[in-house]
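User: Can you walk me through a few local features of this one? Keep it short.

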Amino acid sequence: MNSTLILRCTGAVLVSALALSACSGDGERAITEGDLIIDGELIAAAEVYEQAQTEGTLVFYTGGSEQSEAAIVDRFTEATGIKAEIVRLAPNRLTERVLSETAAGQLGADVIRISGEDLTLSIAEAGAFAPHELPREIGAAVGDAVREGGTYINSFDRVYSFAYNNTVVDEAEAPRNWADLIDGRWKDKTAITQVGAGGSTAALTRFQLDVLGEDWLRGYAATSPRVFDTVAGMIDSLARGEILIGSVPIATAYGAIQQGAPLTVAVPDEGAAAYPFYVGVGSSTSRPNAGAVFVNWLMSADGQSAAAEMGDYPVRTDVPPPTIGDQQLPGLDDGFLHRSDMETALEHMESDADTWRRVFDYTG
C-alpha cells in the first residue's frame, strides 16, 4: 500500500501509524512509504530514516555562530523529528578538539561543520570525515560543492562585511563602504578579529589585500582598531557601544540583531569576502543514519533556504540569495561576493597572515 501524507505547512506536526509530516516554512513535507520527502526532494530513504529516528540525539560540532546554528538545528528538528545537540567552538579550537578526539579514537561528533581550508583539510586528513553520498537529485543540485568524493561538502558561503551600532552612530554619518573606515573620524572606535581565528578572518584578509589593497589595510591599522580573539567577543562589545564599528560576518551580526543588538550591517560597494563552511559526517559516529539525514537536509532546498534566512549564501543556484530582515542581499552574479578557491586560499594563507600581523603589529 502506498501510504502518503502531504500538507501545506502551518507549524503543526501530524503523526499517524502510516505517515508523518513535519513542518517548517511554507513547503510540503511528506513520508511516502517510509521515505522522507521535503519539497519534493528525497531526504532519506525509508530504511535510513527509520534507523535515524531510533539512534538518539545527533551531536553537531560546529564552528558557525551559535545563534544561526541553533536556528538551523531547530528547523531541522521541526522538519524531520530528529533532535540535535550543538557543540560550538571557534573553528581553530574546534579543529583542535576534533583532531584530539580522533587521535584518541573518541570522536564525539556525528556531523562536523567548519570553515577554513587548512582546518578542513587537517580534519579530512586525520580521517574524521566519513565519505557521504547525497541523494541523486540533491547531489545534482549542489554540483561541485561536493569535495573529495563526498568527504566534505560546502554547505553555504558566509559573507564578511562590517556593522555599526545604530544607537551611537547616526545613519546619515554612518560608514557605507570599506573606504569610509579609514577616515580619521573613526580612530579608536573600530574593531577587527585577529587573523588566526579561523577561515573567516583568513578570507577577510585575502579580500582586503586582493581587492582593497595593502595601502587600505595600513590605513585601517592607522585608525588603531581594537583587535579581538573572536567575533563573538567583538559583537558583544559592539552591541554595548564600547566600539562603534566592527568587521563581522553578516549572518553572525544578523543573529545578534534578532536577539536585540542595535546593529546595522553594511553592504559595501567594493564587495565583501565570501568563505565556505564545509560539512561532513563523523567517521566514527554511533548515529550514522541521523548524520546522513542531517547532511542531506542541509543541502536540500529546504536546508539551503534556511541558511539564506540566516544571512548566508546558498550553494544551490535554485535557492534565492539571503535576506537580513527585510533587506535582500546582492545576487551571486552581482559582483558583491569575492571568493577564493581552496588552492588560492591555501597558497596565500600564511603570507597573508604574516602581512596582517606585521601591519597591525600583532604578536598575540
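Analyst: A definition to start: buried means under 20% relative accessible area, exposed over 50%, and partly exposed in between, with a 1.4 Å probe and protein chains only. Helices (H or I, at least four residues) and strands (E, at least two) are DSSP runs, numbered from the N terminus. This is a predicted model, where local features need pLDDT of at least 70, side-chain atom pairs count only at pLDDT 80 or more, and totals for chains, interfaces and linings use all residues. Residues are numbered from 1 along each chain as its sequence is written, and side-chain values use heavy atoms, with hydrogens and water left out.

User: OK. Which residues of H4 are buried?

Analyst: Glu117, Leu119, Thr120 and Ile123, in a helix that covers residues 117–125. They sit on the same side of H4, because their arc around the axis is only 165 degrees. That arc is taken from the directions from the helix axis to the C-beta atoms.

User: What covers the buried residues of H4?

Analyst: The cover includes helices H3 and H12 (342–360), plus strands E9, E10 (129–130), E12 and E17 (272–282). Contact here means heavy atoms within 4.5 Å.

User: And what is H4 followed by?

Analyst: Gly127, with a positive phi near 80 degrees.

User: Switching to H2. How many residues does it have?

Analyst: H2 has 15, residues 66–80. From first C-alpha to last it reaches 21 Å, close to the 21 Å expected at 1.5 Å a residue. The expected span is 1.5 Å times one less than the number of residues.

User: Which H2 residues are buried, and which are exposed?

Analyst: Ser68, Glu69, Ile72, Val73, Arg75, Phe76, Ala79 and Thr80 are the buried ones. Their arc is only 165 degrees around the axis, so they lie on the same side of H2. Glu66 and Asp74 are exposed on the other side. Gly81 follows H2, and its phi is positive, near 85 degrees.

User: How many cavities of 30 Å³ or more does a search of the whole structure find?

Analyst: The search finds 1. About 30 Å³ of space lies in the largest cavity. On a 1 Å grid over the protein atoms alone, a cavity is a set of points where a 1.4 Å probe fits but cannot get out; lining residues have an atom within 4 Å of a point. Grid points are joined across faces, edges and corners, and a volume is the space filled by probe spheres set on the points.

User: What lines the largest cavity?

Analyst: Ser68, Glu69, Ile72, Arg113, Phe156, Arg158, Ala307, Met310 and Asp312. H2 gives the most, with 3 residues. H2 and strand E12 (152–165) each supply at least two.

User: Where is Ala109?

Analyst: In the loop between helix H3 (91–103) and strand E9 (111–115). Ala109 counts as buried because its relative accessibility is 0%.

User: Which residues does Ala109 touch?

Analyst: Val59, Tyr61, Gly282 and Thr285, leaving out residues up to four places away in sequence. Val59 is 50 residues from Ala109 along the chain, yet their C-alpha atoms are separated by 5.4 Å.

User: Last topic: phi. What is it for Ser224?

Analyst: Positive, about 55 degrees, although Ser224 is not a glycine. Most residues other than glycine have a negative phi. Ser224 lies in the loop between helix H7 (214–221) and strand E14 (226–228). It counts as partly exposed, because its relative accessibility is 35%.

Notes
1 Å grid on protein atoms, 1.4 Å probe; cavity = no way out; pocket = protein on both sides within 12 Å on 5 of 7 lines; lining within 4 Å.
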